[in-house]
Amino acid sequence: MKIVVVGATSAIAQAAIRIWAGEGHTLVLFGRNNSELERIAADARVRGAVAVAVHAGEITSNAYIASAVDALAVNGGVDQALIAHGSLTDAERAAVEPDYLAREFTVNFTSACVWAQLLASTMAANEQPVTKTNRGDHSRTIAVISSVAGERGRYSNFAYGAAKAGLTAFCDGLRAKMLPRGVHIVTVKPGTVDTPMTAHMKRGALTASAESVARGIVVAMNRKTDIAYLPLIWWPIMTIVRAIPERIAKKLKW
Amino acid sequence: MTPVSLDQPWGRGFNVEHNHAFARDSELPTRSFLPRGLGRSYGDVCVNDSGVLLHNFRRDRLLDFDEVHGVLRCESGASIADIAAVMVRRGWFPAVVPGTRFVTVGGAIANDIHGKNHHVCGTFSRSVLAMSLRRSDRDMQIVESNHPLEDVTVAGLGLSGVIDEATLQLDCIPGPGIKQDTLLFGGDGSIDGYLSLDASSQAWPYTVGWIDTLDRGLRGVFFRGEHCDGPDDWLTPNTAKLAMPVDAPQWVLGRWSAKAFNELYYRAQGLKSATRETIPLWQFFFPLDAVAAWNRAYGKRGFVQYQFVVPRAAAREVVPKILAHLRESNVASYLAVIKSFGEYLSRGVLSFPMPGVTVALDVPAPNERDRRALDRADAMVADAGGRVYPAKDARMSAAMFKRFYPQWERVEAMRDPMISSSFWRRVARSS
Ligand SMILES: Cc1cc2nc3c(=O)[nH]c(=O)nc-3n(C[C@H](O)[C@H](O)[C@H](O)COP(=O)(O)OP(=O)(O)OC[C@H]3O[C@@H](n4cnc5c(N)ncnc54)[C@H](O)[C@@H]3O)c2cc1C
């Protein structure tokens, strides 16, 4: 399979890349930091990836995304994709710096939607007729990393949460739209993950490792799960969180 | 691979305050720091109280592998566990592995670790073809054979700089199995039985013994093994299904439970004395890894390990004496690991192994009396011309350290001025 990873330097993406490399897939990695990407690619090759291509660029700019996806289309299409880039918005700064807030939305929301939309369209265009031989494969699935933070705007991180809420909604719609065209969308909703992005935060009992989240993503993609809470314990937790009446929720400093 | 604790070493029980930094790129902390791997050292060689720990476990990429010669270049935070998991299926294995696979390459170099095959291939550093070293006071150094920083980086306890990448020579193996012999020895209060089994097993690449330290007769079990093929489902280790969920209460580990444990173990082995079997290599090398965080079995107050080596000529006489001393002083322990080192001398000036016999035993939360008993054992080791292993230590005195490692000042002279550790402040201070 050819698998595209956007935001390949993120901890979760790196862990997923290792799994796919070990399974002997072909990988196309997008990110911003070229030297990091080269290291990740080298690692994937040693671990068994058939071929790894690396593209460093402005992965949150529309022009870049469009040309990148065009290039993928003419180079034999894509079977699966993971959209993993993101930035944990600094709430204090977002409150006083409108440009920063807008940029964060571009990173966490707009650009992820654009990648998902364009990749989905490309995959649909490359659609092959369903035959006996390819029916069982796991191809043409896109996993998009959203967050449980998008389930409810909270006192402490609603700028980040809002972007992820938008992304979750976009993925729901895209999934419906792409259903008849044979492209599946997995919305991944991790809780707190032990990554450099959260290194300053306290590790609680619910903190998951990037490796376990990555394993969950690969399984969800293969099973064509719609929405994957990772780990699953976040599903009941968020069900409760969503059920708290707003007149109470608005008083919580969480 | 992530550490069990970002603060505590494997032996736990420390009261420490750290700031944490995570190695990502070429930046080093701007305050005094200590590089850290997976924290599998038992004591304070991986502790830097009131300072910064620069965690290296995320720099774990495998960068290049030469399939023909078995040469692997990797970032120094790569673990033996990860390297083995990737390489065993291709017929390669790290040349030297410790009793747990959860150690980083950087940590393996900085303690110059040894394995069950020391008698045929020496320490870990012998399989290191090159390494790069980052220091706060100079450009990146490529440290190869005979580089002036080699002797103080191998077994350098992290003090000479941050090992960034390493190039390792792996061993070619026929498959994921180990052909293992289990034999019994001892009972007469000497280690002669061990020594003669060891002498007749020199052709075996892996040898090690377990001794019941609470038994006056010093009965024990000898294991020898060699690589062989095995079924495909041995290619990867079983991930730890058991985990020690809570700290065990202190009394569980008293002397009597230790004795019961030994008795049980010895019986189980005794029933099938002198067996030959083929087992997965993971089980042979890393039997304890099947229980995650088993160090919690020792309770909150933790434990240290006492590992010493004495020269071969003295071993026959001195090892039983030291074991008797520790038994009589009630320094409780389950069992001791005994291993005869080969003739290889490492370049590292603080490298622990020397031609002779080494013994390692766990000591749960030593109290004042235990400490005095261990100090006395230190003196017996030093008088015999031996030494104690810093990677397992949390207690040896500065004076003893300097007797064990008379060349320690070379490490102090080449130390990165920004790097220090609790261990180093403890043993290198003027006494
Ligand atoms: C169950 C068990 C069995 C063991 N069996 C053996 C055995 O058979 N033989 C043996 O020799 N040892 C053995 N050990 C000890 C272990 O192998 C060593 O302590 C090893 O160094 C731990 O590696 P680590 O990655 O956890 O390093 P840490 O414990 O985190 O650090 C060890 C030292 O390495 C330094 N260091 C770490 N990374 C770097 C780096 N990138 N650059 C420079 N310095 C660095 C640190 O500063 C510290 O001084 C065993 C330990 C356990 C828990």
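**Figure 1. Crossing of helices α5(A) and α6(A) in the predicted model.** Helix α5(A) passes α6(A) in a right-handed crossing. The model is predicted. Helix α5 spans residues 98–125 of chain A and helix α6 spans residues 158–178 of chain A; their axes come within 9 Å and cross at roughly 15 degrees. With an angle under 35 degrees, α5(A) is therefore roughly parallel to α6(A). On the α5(A) side, the contact is made by A:Leu101, A:Phe105, A:Asn108, A:Phe109, A:Ala112, A:Cys113, A:Ala116, A:Gln117, A:Ala120, A:Ser121 and A:Ala124. On the α6(A) side, the contributing residues are A:Ala159, A:Tyr160, A:Ala162, A:Ala163, A:Gly166, A:Leu167, A:Phe170, A:Leu174 and A:Met178. Of the residues in this contact, 16 are nonpolar, four are polar and none is charged.

Figure 2. A disulfide is a covalent bond between the sulfur atoms of two cysteines. Counted with a cut-off of 2.5 Å between sulfur atoms, the number of disulfides over all chains is zero. A:Cys113 has 6% relative accessibility and so counts as buried. A:Cys113 is also one of the α5(A) residues in the contact with α6(A).

**Figure 3. Helix α1(B) and its buried residues.** Helix α1 of chain B covers residues 80–87 and is mostly covered, with seven of its eight residues buried. These buried residues are B:Ile80, B:Ala81, B:Asp82, B:Ile83, B:Ala84, B:Val86 and B:Met87.

Figure 4. B:Thr167 lies in strand β9 of chain B, which runs over residues 162–172. The relative accessibility of B:Thr167 is 16%, so B:Thr167 counts as buried. Apart from residues up to four places away in sequence, B:Thr167 touches B:Val71, B:Leu72 and B:Arg73, together with B:Ser127, B:Val128, B:Leu129 and B:Ala130.

**Figure 5. B:Leu235, a buried loop residue.** B:Leu235 sits in the loop between β12 (220–228) and β13 (242–243) of chain B. With a relative accessible area of 13%, B:Leu235 is buried. Setting aside neighbours within four places in sequence, B:Leu235 is in contact with B:Val88, B:Arg89, B:Pro176 and B:Trp282. The C-alpha atom of B:Leu235 is separated by 26 Å from that of B:Gly209, and the two residues are 26 residues apart along the chain.

Figure 6. Most residues other than glycine have a negative phi, and most peptide bonds are trans. A:Leu230 and A:Pro231 are joined by a cis peptide bond, with omega about -10 degrees. A:Pro231 is found in the loop between β9 (227–230) and α8 (234–243) of chain A. A:Lys224 has a positive phi, near 55 degrees, and is placed in the loop between α7 (210–223) and β9 of chain A. A:Lys224 is partly exposed, its relative accessible area being 33%. In chain B, phi of B:Ala155 is also positive, near 60 degrees. B:Ala155 belongs to the loop between α4 (150–153) and β9 of chain B. B:Ala155 counts as buried because its relative accessibility is 1%.

How values were computed:
Residues numbered from 1 in each chain as written. Chains lettered and ligands numbered in written order. Predicted model: local features only at pLDDT ≥ 70, side-chain atom pairs only at ≥ 80, totals over all residues. Heavy atoms only, no water. Buried < 20%, exposed > 50% of the residue type's maximum accessible area, 1.4 Å probe, protein only. Axes fitted to C-alpha atoms, helices over the stretch in contact; angles between N-to-C directions. Helix = DSSP H or I, 4+ residues; strand = E, 2+ residues; numbered from the N terminus. Parallel < 35°, antiparallel > 145°, perpendicular 65-115°, else oblique. Left-handed = near helix turned anticlockwise from the far one by under 90°. Contact = heavy atoms within 4.5 Å. Nonpolar A, V, L, I, M, F, W, Y, C, P; charged D, E, K, R; others polar.
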